Amino acid sequence: MTAPLSFADLHKSYGGKEILRGVGADLAAGEILGIVGPSGVGKTTALRLLDLLDPPDRGIILFHGKAIAAGTPEALEQRRRMALIMQNPACFRASAFENVAFGLWLRGVPEEEIRGRVFAALDFVGLLESARERADLLSGGEQQRVAFARAAVLKPEVLLLDEFTANLDPANVRLLEEAILRHRRDTGCAIVVVTHNLFQAKRLADRVALLLDGRFVEVAPTPQFFEDPARPETRAFLSGEMAY
Amino acid sequence: MGWESEILQIVGISVLVAGTSTLLGSLLGIPLGALVALRPFRGRNFVRTLAFTFYGFPPVLAGLLVFLLLSNAGPLGVLGWLFTPLGMVLAQTLLVTPIVMGLTISAMMSVEKRLRETALALGADERQWRVTAVHEARIGVASAVMVGFGRAISEVGAVLIVGGNIRGHTRVLTTAIVLETAQANYVAATVYGVILFAIAFLFFAILQRIQERVFS
């Protein structure tokens, strides 16, 4: 079976500055890949390319072995089989129910089906009782849970998470991490987690990649990455010796 | 014609002309405003400035322009709209559209950029995002419609020139006030003024309630 997501040699520059300089990896169904690295090395840029929001300057992105480029009609179709949760996600000025239903409405899912799926998704993140409340007025942690439910309800093949628990309290972090692991178990979707929280990468990821200077310096199974890294840069990063 | 039925007729024409102008001005101004706000293009700032400039467009000048357009010698003279409610609607639509458009631009440009990213990340195409953005800015857009109606119902210069203040045909509350005041019938003028104020108050109260219940 081909990997739901593969990417190779991704390059991207903004304003003349080269952010990514040849990033690549394969992701199996049900696998969680953690991407770690210091701030500003291009982790978010990589996720935007993978979600086909921006085109790479060079490189290729394959979904089930098929190359799809951002901006093409196939890209919209493919984007609808994925979901990206951004750092500090924005909630629409609408109820939690309407926020979670948004992606389903875009896809033309019948109303009766939407109701069932949205309530199940809100229940999944413990927000069933807040279904009628304005989502943009909920607490930061609750909004983040709405954002997760809004993505999970789409049953994506590939889920992309960008610092999705940054600035949240430990209880909300735990709740969201549990929701992600349950979601993976239930749906078998491939997940990319970008985080600067090494403990989170350790808890969630099957494999971890260290992004430095626009490249993956090391991609390894999680235990190996943390216990016995192959590269000196990884050891320096993990020990906090790397100054940025 | 008794004075009650004359008042009712004036109120009816006023509401019809102002309401139709607001509807047409909104149908034109909201999509145009959305387009300007959401689609970067060369000269966008110029278009915005132009829309804002037209806020202060003198109604008598709009009236004169429409008068010249609709007069027998004008390019639209064949329509026969001069001194009719249709001509008044045209003049007021010219005044309302830039207001609705300009305020829609402001409302939509204040929609967070993050929301666009979020909508696209959830699978929206550009058209779906534009609809979402109008929905997101709905309170500001509703306010634009309210201000547009306020302009239309209280306007006097353009409707006087284009409508001619013909009794039972194109006389509206504002032109009736002008006439009664000129004839020193201050009580009648005041009555029309109170009715005008009451209509405006009722309209804004209803819209405000809708804003609170449906839009917020």
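Reader: How many helices and how many strands are there in chain B?

Author: Please note at the outset that this is a predicted model. Chain B contains 10 helices and 0 strands. Along the principal axes, the C-alpha atoms of chain B fill a box of roughly 65 × 45 × 25 Å.

Reader: What share of the contacts in chain B between residues at least 6 apart in sequence join residues at least 24 apart?

Author: The share is 77%. As for burial, 39% of the 216 residues in chain B are buried.

Reader: How does one judge confidence, and what is the mean pLDDT of chain A?

Author: One looks at the predictor's own score for each residue, which runs from 0 to 100. For chain A the mean pLDDT is 91, and 98% of the residues reach 70 or more. Within chain A, confidence is lowest in H2(A), with a mean of 88, and highest in E3(A), at 96.

Reader: How should I read a sheet, and in what order do the strands of chain A stand?

Author: The general idea is that strands of a sheet pair through backbone hydrogen bonds, either parallel or antiparallel. In chain A, 6 strands form an open sheet with mixed pairing, in the order E6-E7-E8-E3-E9-E10. Strand E6 (82-85) and strand E10 (215-221) of chain A each have a single partner strand, so they stand at the edges and one side of each lacks a neighbour in the sheet. On average, neighbouring strands of this sheet are turned by 15° against each other, direction ignored.

Reader: In which sense do E9(A) and E10(A) pair?

Author: Strand E9 (residues 207-212) of chain A and E10(A) are antiparallel, with 6 bridges between them. A:Ala209 has A:Val219 of E10(A) as its bridge partner, and A:Val208 has A:Ala220. The hairpin of E9(A) and E10(A) has 2 residues between the strands, and A:Asp213 in this hairpin takes a positive phi near 50°.

Reader: Which helix packs on the sheet?

Author: Helix H1 (residues 43-50) of chain A does so, touching strand E3 (32-36), E6, strand E7 (158-162), strand E8 (190-194) and E9 of chain A. The direction of H1(A) makes about 155° with that of E8(A).

Reader: How should I read a nonpolar core, and which residues touch the most other members of the largest one?

Author: In soluble globular proteins, nonpolar side chains tend to be buried together. The largest nonpolar core here has 74 residues, of which A:Val100, A:Ala149 and A:Val192 touch the most other members. Beyond its neighbours within four places in sequence, A:Val192 is in contact with A:Leu27, A:Leu33, A:Ile35, A:Leu47, A:Leu50, A:Leu160 and A:Leu161. Another core, of 50 residues, lies apart from the largest one and includes B:Ala91, B:Val111, B:Val141 and B:Val159.

Reader: Is B:Thr97 buried or exposed, and why?

Author: One counts C-beta atoms around the residue, and 20 or more within 10 Å make it buried. B:Thr97, found in helix H4 of chain B, has 24 C-beta neighbours inside 10 Å and therefore counts as buried. Leaving aside neighbours within four places in sequence, B:Thr97 is in contact with B:Gly25, B:Leu28 and B:Gly29.

Reader: Where does A:His64 lie, and what is its phi?

Author: A:His64 lies in the loop between strand E4 (58-63) and strand E5 (66-67) of chain A. Its phi is near 50°, a positive value in a residue other than glycine. A:His64 counts as partly exposed because it has 15 C-beta neighbours inside 10 Å. B:Ala184 also has a positive phi, near 65°, and sits in the loop between helix H9 (173-182) and helix H10 (186-215) of chain B. B:Ala184 has 8 C-beta neighbours inside 10 Å, so it counts as exposed.

Conventions:
Residues are numbered from 1 along each chain as its sequence is written. Chains are lettered from A and ligands numbered from 1 in the order in which they are written. This is a predicted model: local features need pLDDT of at least 70, side-chain atom pairs count only at pLDDT 80 or more; totals for chains, interfaces and linings use all residues. Two strands pair if DSSP finds at least two bridges between them. Helices (H or I, at least four residues) and strands (E, at least two) are DSSP runs, numbered from the N terminus. Axes are lines fitted to C-alpha atoms, for helices over the stretch in contact, and angles run from 0 to 180 degrees between N-to-C directions. Two residues are in contact if their C-beta atoms, placed from the backbone, lie within 7 Å. A nonpolar core is a set of buried Ala, Val, Leu, Ile, Met, Phe, Trp, Tyr and Cys residues joined through C-beta atoms within 7 Å. A residue is buried if 20 or more other C-beta atoms lie within 10 Å of its own, exposed if 12 or fewer, and partly exposed in between; C-beta atoms are placed from the backbone.
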